[in-house]
Amino acid sequence: MSALGSTQSAEALRDPTQVALRRRRLAECAAAYALAGPTVLLLFVLFFLPVIVVFVIALTDWQFGARTLDFVGIANFREAFADQGFRTSLLNSVFYVLVVVPGTVILGLAIAVLIESGRSLRAFYRAVHFLPFMATLTAMAIAWEALLHPTIGLVNQTFSALGLPTANWLRDEATALPVLAVIGIWQNLGFAMVLFLAGLKSIPHDLYEAAEIDGADRWLDRLRTVTLPMLGPVSMFVIVVVALRAFQAFDTVKVLTQGGPGHASDVLLYTLYRESFEYLRTGYGAAVAVVFLVIVVALTLIQARVLDKKVHYQ
């Protein structure tokens, strides 16, 4: 049997058709590797290699600009979790995300539904709400700083005219972080609105007619039975992306509060920046970056796994 099998294999190898087929497959594999190779190389150099370097630096006591370093193991991580300032920035980041994500999703969906249900000035309303997302956040932060000025700012002037209490919004520990979260909602609102508008346009009108025949004649019933289930994939994408953007909050903190007063508005990325580039404690800053990366990856995986089970795909 073995001799017979060897003979058949040898005949197959000598078969011109089989030889040509094998050469074609080898050529296709070589072309695939040649086309994918540069992309994989750039992906490794631009993404994976920096992450590996950050992990290595996090295990050292290197200071920015120093020519020597010592490996200290997980000492930087122990110091970080023992540091009250780091724990505060971590809790502030969580609070910021928990405010920005629901606020952005709910308001973005509400505005998208209102615009889609309207009959005039749709393009104008879309442009107005999308403008903050396109604008440079640093410039917008400076504008918000003027609006929130404790004496001449438009916000306090309006509150005073209405008889409402005013505050030094960016210098009060009780209001600094909530105000930054409101600015975060304002900045991400246009992004969520555009995606929800695209999702609303993809819902077949026949579904609303069928729901109305089945007794869902009120707008709230149609929203609950048709709109929200059909917007499942869009909602999942918006929640994941907005949560990642919220965890990456830095510009407004840097421009408006510098993490103050005290550590009331400190967030993870600003802590990373301060430790690495102001205090030049690069090893400690790299440890904060590793913690930040782990949280972001875990958040993405958890949201994708949990929300994917509740999504209705069209």
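**Charged side chains**

Analyst: In this predicted model, Glu 275 and Arg 281 form a salt bridge, with their closest N and O atoms 3.2 Å apart.

User: Why is the pairing of Glu 275 with Arg 281 called a salt bridge?

Analyst: The criterion is a side-chain nitrogen of Lys or Arg within 4 Å of a carboxyl oxygen of Asp or Glu. The closest N and O atoms of this pair are 3.2 Å apart, so the term applies. Glu 79, Glu 275 and Arg 281 are also linked in a network of salt bridges.

User: Is Glu 275 buried or exposed, and how do you know?

Analyst: Buried means under 20% relative accessible area. Glu 275 has 6% and is therefore buried. Arg 281, at 26% relative accessibility, counts as partly exposed.

User: What makes the contact between Arg 274 and Asp 266 a polar contact?

Analyst: The limit for a pair of N or O atoms is 3.5 Å, and the side chains of Arg 274 and Asp 266 are joined at 2.8 Å. The two residues also form a salt bridge. Arg 274, in helix α13 (residues 268-278), is buried at 8% relative accessible area, and Asp 266 is buried too.

User: How are Arg 224 and Asp 221 placed along helix α10?

Analyst: Arg 224 and Asp 221 are three residues apart in helix α10 (residues 219-230), which means a separation of about one helical turn. Their side chains meet in a salt bridge (3.7 Å, N to O). Arg 224 is exposed at 54%, whereas Asp 221 is buried at 13%.

Note on methods:
Residues are numbered from 1 along each chain as its sequence is written. This is a predicted model: local features need pLDDT of at least 70, side-chain atom pairs count only at pLDDT 80 or more; totals for chains, interfaces and linings use all residues. Side-chain values use heavy atoms; hydrogens and water are left out. Helices (H or I, at least four residues) and strands (E, at least two) are DSSP runs, numbered from the N terminus. Buried means under 20% relative accessible area, exposed over 50%, partly exposed in between (1.4 Å probe, protein chains only). A polar contact is a pair of N or O atoms within 3.5 Å; within protein, one must be able to donate a hydrogen and the other to accept it, and residues adjacent in sequence count only if both atoms are side-chain atoms.
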